[in-house]
Amino acid sequence: MSNHAIKMMATGARHLMNEPAAAIEQAGTFLPWYMHNRIRSLVLPWEQKVWGQVDGRSQNPRFITIKPTFRCNLRCSFCRYVSNGQVFGKADYFKDDEWIRLVDEVAPLKPYFSITGGEPLMYPGIGKLLRRFKHHGLHAAMVTNATLLERKAEELMEAPPASLQVSIDGPKETHDQLRMVEGTFEKAQRGLALLHELKSKLKSQAPLVVINSVITGDNYRNMPRMVKVAQELGATVLNFQHFWFMTPSMIDDHNHQWGDCHAMSAEEEGSTDTHGVDADELWEVMQQTQREARMPVTFYPELNRQELHTYYNEPKEHIRPRTPGCAWLQTAIFPNGDVSPCFNHIVGNIREQGFMDIWNGEKMRSHRMRLAQHGAYPVCARCCAYFRYD
């Protein structure tokens, strides 16, 4: 059993002891959904081998990432969406009725939704979208920088997502420096304080608050201090996310192999790199953090010491080579309705077709068949979706 699974069980046990009625009620809806998804993961290699190489079809999506806006009020130094300019002031909000139609269509399939962006709390219709999830009994997770949470907390709590993943990359000074906007930490702090106040008032266990901290050369030595930060912010779990690379060299290698059918541009995608990470020191800091923590601490992806060296020192090398599961399990949908399973590879638009017609449409099936027959793309090596099989 993985450390991540053990920590999830420990968290659940504490929740059961502290709030038994609420925990049992949540388990009644969550466990059947979770077990269904675990079974899907177990049969995925068979699905890839049999269907993937024959016609590229897939069963229903496990989860759908929706980006209601690319806009963001921060300018994070390590973000490729800042690098390619997507976050800068575009009026790219999706129309409410289009999101609602999508949710209504896929609701019988019971996927879970990940709401990200951009900064999703900048989307004016976020409350309406969350209420639609609740109407259908769907699980949703939201990723946010929490700087607008103080303004949006009451609306959020009308139909709270199952979890809120809050991006905090260090104590106040470090966080504000990396996020490139002064006062960012304090805004998130005030927003989370109000959220916890409302949760207590409404006797709501949702949303579960996860502090997510991106590992960079500027902040990894602060990991032990982040435990106290996460506790003070009321988090249930502290997750450290290894940095996702998208180097120009990776894109060049990808285009050399797949430029005829899935061309990429470093300028359009936004390239990223990281500097200053000593893998040996990072490993020791990670071990220290877990030893001293008095709360669940996870790392994503989970890497052993040798894999950690490879991850940061040889970014083009694949960790645990395999056929990516992302194309069979999930896809992203952009503010203009484009459906994109991989780095701006557009396979359809929900303004023009039903989502399930796109899910097993010609372009999506061709994408799966390439992966099934030839393995991972060069750009898969440090992509979050490559590691995600939960």
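Residues are numbered from 1 along each chain as its sequence is written. Because the model is predicted, local features need pLDDT of at least 70 and side-chain atom pairs count only at pLDDT 80 or more, while totals for chains, interfaces and linings use all residues, and side-chain values use heavy atoms, with hydrogens and water left out.

The chain averages a pLDDT (the predictor's confidence in each residue, from 0 to 100) of 87, and 88% of the residues score at least 70. Residues 1-27 are another story: pLDDT stays under 50 there. Where pLDDT is low, the predicted coordinates should not be read in detail.

There are 17 helices and 10 strands in the chain, taken as DSSP runs (H or I, at least four residues, for helices; E, at least two, for strands) and numbered from the N terminus. Of the 390 residues, 54% are buried, meaning under 20% relative accessible area with a 1.4 Å probe, protein chains only; exposed means over 50%, and partly exposed lies in between.

What about the inside? The largest nonpolar core holds 100 residues, and Ile66, Phe133 and Ile211 have the most contacts inside it. Such a core is a set of buried Ala, Val, Leu, Ile, Met, Phe, Trp, Tyr and Cys residues joined through side-chain atoms within 4.5 Å. Leaving aside residues up to four places away in sequence, Phe133 touches Ile66, Val103, Phe113, Ile115, Leu138 and Ala140; a contact means heavy atoms within 4.5 Å.

Out in helix 2 (residues 20-52) sits Ile39, which counts as exposed because its relative accessible area is 51%.
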